[in-house]
Amino acid sequence: MEKTNERIKVAVLDEMPEKIGRTVRIGSLEIALFKLADGNVRAIENRCPHKGGVLAEGIISGEHVFCPMHDWKICTTDGKVQSPDVGCVKTFAVKIEDGNVFILI
Amino acid sequence: MNQEKIVMVGNGMAGVRSIEEILNVRPDHFHITIFGTEPYPNYNRIQLSKVLQGDTTISDITLNDWNWYEDHDIKLYSGETVVHINTKEQFVQTNKERSVSYDKLIIATGSLPFIIPVPGSDKEGVTAFRDIQDCEKMIDCSKVYKKAAVIGGGLLGLEAARGLLNLGMTVDVIHLTDCLMDRQLDETASKMLKKELEKQGMKFLMNKQTAEIIGGDRVEAIRFGDGEVIDADLVVMAAGIRPNTGLAKESGIEVNRGILVNDYMETSIPGVYAVGECAEHREVVYGLVAPLYEQGKAMAAHICSEQAPGYEGSVLSTQLKVSGVDVFSAGEIVEDEETKTIKMFDDWKGVYKKIIIRDGKMTGAVLFGDTSEGSKLLRLINKRANVEEYMGTEEAAESMVATMADSELVCGCNGVTKGTITEAIKKIGLTTFEEVKACTGASRSCGGCKSLVVDILAHTLGDEFEKEDQKEPVCGCTTLSRDDVVEAIREKGLTYTREVMNVLGWKTEDGCSKCRPALNYYLGMINPVEYEDEKESRFVNERMHANIQKDGTYSVVPRMYGGVTSADDLRKIADVADKYEVPLIKVTGGQRIDLFGVKKEDLPDVWADLGMPSGYAYGKTLRTVKTCVGESFCRFGTQDSIGMGIAMEKKFERIGTPHKVKMAVSACPRNCAESGIKDIGVVGVDGAWEIYVGGNGGTHLRAADLFCKVTTNEEVMEMIGAFLQYYREDAAYLERTSVWVERVGLDHIKEVLADKATRDALNARIAEALSVTKEPWKEVIESEKIRKELYETVRVTK
């Protein structure tokens with residue numbers, strides 16, 4: 001049976017710099033958290049499907065992040081790797097309430 | 001359905017190209033079977049030298065992959081050789097006992113390398129340079145052996161030699177006469193070529209006839225007719241090719257040098273055709289690609305019973321595929337009493353042009369150093385144009401394009417016609433050279449037809465054609481080149497990356513991982529004092545001031561000026577390694593110590609404990625200044641190399657540059673600090689310093705060029721400062737000095753920096769840029785905000 005999503009507070013919105021990722025570790029799970037230029041926050045698994053690169057350290061452009069290891073381009077909204085490469089990373093829903101950033105797991 | 005059966009012997013470029021032509025005309029009419037001895041689908045043989053030179057891979061030179069054969073219902077027997085043709089009963093037999101009957105037979109067996117029949121030529125380590133197997137053999141050999149000899153200083157030999165140099169071997173090129181490429185070049189161009197290739201590291205033995213290959217099972221040396229002997233672990237025979245006509249001859253088909261064919265490529269036996277390097281047409285056997293495509297077209301039309309003009313022969317043209325050397329020749333190359341010539345010779349810049357005119361018509365040309373006119377000249381020579389036509393202006397180039405037939409070949413390497421290009425431009429809406437190249441393949445191989453492709457683009461687009469678009473863009477987000485962007489930043493006074501992208505009409509809202517760091521660099525270079533560096537536009541290592549490793553940990557290299565350390569510093573490093581359980585401590589090639597496996601969140605504490613400045617082992621900036629021990633201890637040292645190295649490192653550390661910059665100082669020409677392969681290398685000689693620039697010990701191994709010789713330490717600083725700032729201002733982001741120096745030319749740099757006032761201005765600008773740099777580790781230690789934003793990991797325990 002599916003459990004209801006757990007809300008976990010991970011950051012204060014105002015303290016997040018734009019277009020710079022942050023590493024969030026929840027138990028053994030590692031998540032890359034980004035505040036995009038438009039103010040939206042995205043959370044994806046901090047692991048490039050190519051060779052496991054840490055995506056939190058990538059360059060962010062629009063809603064995409066470029067993996068710092070071999071420059072794969074990944075959409076932070078749907079987790080899809082952009083062509084010519086292929087693959088997908090896990091995405092997590094983000095909620096912002098009273099200036100606090102929550103991840104739903 | 002009763003299909004006509006075509007069998008083709010040979011699976012190479014000319015043959016398969018002909019099949020493509022046939023399929024174009026009558027797609028479903030024929031049942032096609034192809035036999036090829038090599039176990040590969042059709043690949044671009046002329047690109048093998050690029051594979052050898054490391055510029056491309058075997059999979060990239062495949063022209064028709066396995067699927068292509070399947071998609072067109074072509075039965076391909078690769079790795080299978082036809083051994084007999086029965087021309088009476090019309091069938092072929094193979095070495096695997098297979099018999100296949102035909103209605104039409106195409107012989108496209110190409111040519112065989114000519115192995116000089118000297119004693120020992122069958123020894124291990126002697127190879128031709130003709131197919132993928134030869135190429136792989138040479139690559140394997142270079143891993144074990146060091147000394148290569150190439151017999152033959154023609155096109156193929158020189159391309160092989162360049163490849164072997166790239167593979168790290170020393171190369172002797174042995175040539176029968178005293179002129180390289182003597183079938184394609186005149187004496188002047190040949191001498192210029194030799195000089196240039198010697199500069200690249202090739203050694204030449206001219207006027208040498210090979211007499212014997214010496215060795216046990218494997219080659220060990222070569223002996224020449226004059227008795228001289230040289231050592232060799234690998235011998236590449238590139239002394240020419242011979243048409244592969246054995247099968248045809250045995251099967252009773254008329255053969256002279258090649259298989260005799262008429263203008264429709266028909267042999268002496270009805271229903272049997274020959275095309276490509278194995279065929280002899282009007283007493284000429286062609287060994288180049290472009291004519292073979294024209295032959296294929298003529299033959300295809302005939303096989304498909306189309307009315308078409310036959311093949312009438314081609315003017316030969318050549319382009320050497322060796323990086324850094326531009327050579328072109330077409331038609332007649334040597335003048336006689338009845339010819340006149342137009343000549344241009346600039347020894348200083350290394351540019352030479354000769355056009356041969358017979359009865360007012362252009363009949364041949366040789367170009368060296370600048371081959372941009374090559375394809376234009378070839379077209380004019382092909383139609384024996386009046387010389388006045390060449391003397392005309394740019395309009396002439398366009399009108400020439402206008403008169404070209406759609407079926408005419410533009411790119412000889414990839415077989416792309418004018419029609420294919422114009423159709424792609426119109427149908428897909430291409431507007432730039434790069435797009436045409438990507439879409440049609442024209443100009444993708446040797447690049448010789450680039451100017452012609454640009455002319456076709458200009459002619460097809462008319463007023464919509466924009467010359468500016470034709471430069472290499474910064475990245476896919478824009479059509480603007482590096483120069484356009486830098487000029488616009490300066491002129492419009494742009495101040496941050498987002499503004500540059502907005503004002504200059506970027507296609508993406510926020511750039512990409514290529515343009516963002518580049519723009520960040522250009523903005524900082526142009527306006528060092530006011531520009532605020534954008535951390536989010538920096539590549540991870542430069543943002544974090546440490547070198548990211550594959551597991552997401554970092555490596556830390558503290559500054560160790562001139563490679564000199566102290567017991568105190570070593571103790572501190574050891575303590576840090578213990579405290580943070582550093583898994584690997586390694587001495588670097590740049591004379592410092594690298595701590596590997598440091599966790600992101602530990603970085604600020606590690607730096608604080610070290611109490612040393614960042615060594616910038618991760619940055620596009622001055623990395624280290626490697627030094628030898630110099631006069632204070634060494635019995636050969638003539639100068640204080642350590643002192644000089646430390647002074648240089650202290651002066652130029654932290655300056656942002658287009659790419660990393662490595663320096664070295666040696667105290668004598670023994671060069672223990674390896675100054676000859678650094679971006680800037682200083683070598684002490686008695687009473688003076690030599691400064692070398694543009695060296696590289698990495699991917700593109702390049703010896704540095706001597707830039708100048710000065711006597712005082714102040715002059716060394718002045719010259720380095722000026723050179724470095726000019727590089728900062730002129731090079732493209734991510735362009736190493738080795739590439740930059742080659743692109744703009746050492747002479748040009750010398751010329752610019754010869755002027756004292758220019759040097760002073762450059763030094764003033766670099767001093768300004770240096771004045772605002774900050775020690776990055778200290779900055780992080782002192783700023784809680786940066787630590788939190790960049791280095792902290794949010795931990796949630798569940």
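Modeller: Two residues count as being in contact if their C-beta atoms, placed from the backbone, lie within 7 Å. This is a predicted model, in which local features need pLDDT of at least 70, side-chain atom pairs count only at pLDDT 80 or more, and totals for chains, interfaces and linings use all residues. Residues are numbered from 1 along each chain as its sequence is written, while chains are lettered from A and ligands numbered from 1 in the order in which they are written.

Colleague: Which residues is B:Ser142 in contact with, leaving aside its neighbours within four places in sequence?

Modeller: They are B:Leu164, B:Leu167, B:Gly168 and B:Met169. The C-alpha atoms of B:Ser142 and B:Met169 are 6.3 Å apart, although 27 residues separate the two along the chain.

Colleague: Why is B:Ser142 called buried?

Modeller: A residue is buried if 20 or more other C-beta atoms lie within 10 Å of its own, exposed if 12 or fewer, and partly exposed in between, with C-beta atoms placed from the backbone. B:Ser142 has 20 such atoms within 10 Å and is therefore buried.

Colleague: What makes B:Glu283 exposed?

Modeller: B:Glu283 has 10 C-beta neighbours inside 10 Å, so this residue counts as exposed. B:Arg654, with 18 other C-beta atoms within 10 Å, is therefore partly exposed.

Colleague: What is the phi of B:Glu283, and what is that of B:Arg654?

Modeller: Most residues other than glycine have a negative phi. B:Glu283, which is not a glycine, has a positive phi of about 70°, and B:Arg654, also a residue other than glycine, has a positive phi near 80°. B:Glu283 is in the loop between β20 and β21 of chain B; B:Arg654 is in the loop between α21 and β34 of chain B.

Colleague: How do you know which stretches are helices and which are strands?

Modeller: Both are DSSP runs, numbered from the N terminus: helices are H or I with at least four residues, and strands are E with at least two. B:Ser142 belongs to helix α4 (residues 132-144) of chain B.

Colleague: How do you know that β9(B) and β16(B) pair?

Modeller: Two strands pair if DSSP finds at least two bridges between them. β9(B) and β16(B) have 3 bridges, in the parallel sense, and therefore pair. In this pairing B:Thr127 stands opposite B:Val236 in β16(B).

Colleague: What is the order of the open sheet of 5 strands?

Modeller: The order is β9-β16-β10-β11-β12 in chain B, with parallel pairing. β9 and β12 of chain B are edge strands, as each pairs on one side only.

Colleague: How does α4(B) run relative to β9(B)?

Modeller: α4(B) lies across β9 and β16 of chain B, at about 140° to β9(B). Axes are lines fitted to C-alpha atoms, for helices over the stretch in contact, and angles run from 0 to 180 degrees between N-to-C directions. Helix α5 of chain B packs on the sheet, touching β10, β11 and β16 of chain B, and its direction makes about 165° with that of β11(B).

Colleague: How many residues of chain B are in contact with chain A?

Modeller: 21 residues of chain B are in contact with 25 residues of chain A. β38(B) gives the most to this side of chain B, with 4 residues. Strand β2 of chain A runs parallel to β38(B), and 4 bridges join them. A:Thr23 stands opposite B:Thr793.

Colleague: What is the average pLDDT of chain B?

Modeller: pLDDT is the predictor's confidence in each residue, from 0 to 100. Chain B averages 90, and 97% of the residues score at least 70. The model has an ipTM of 0.90 and a pTM of 0.55.
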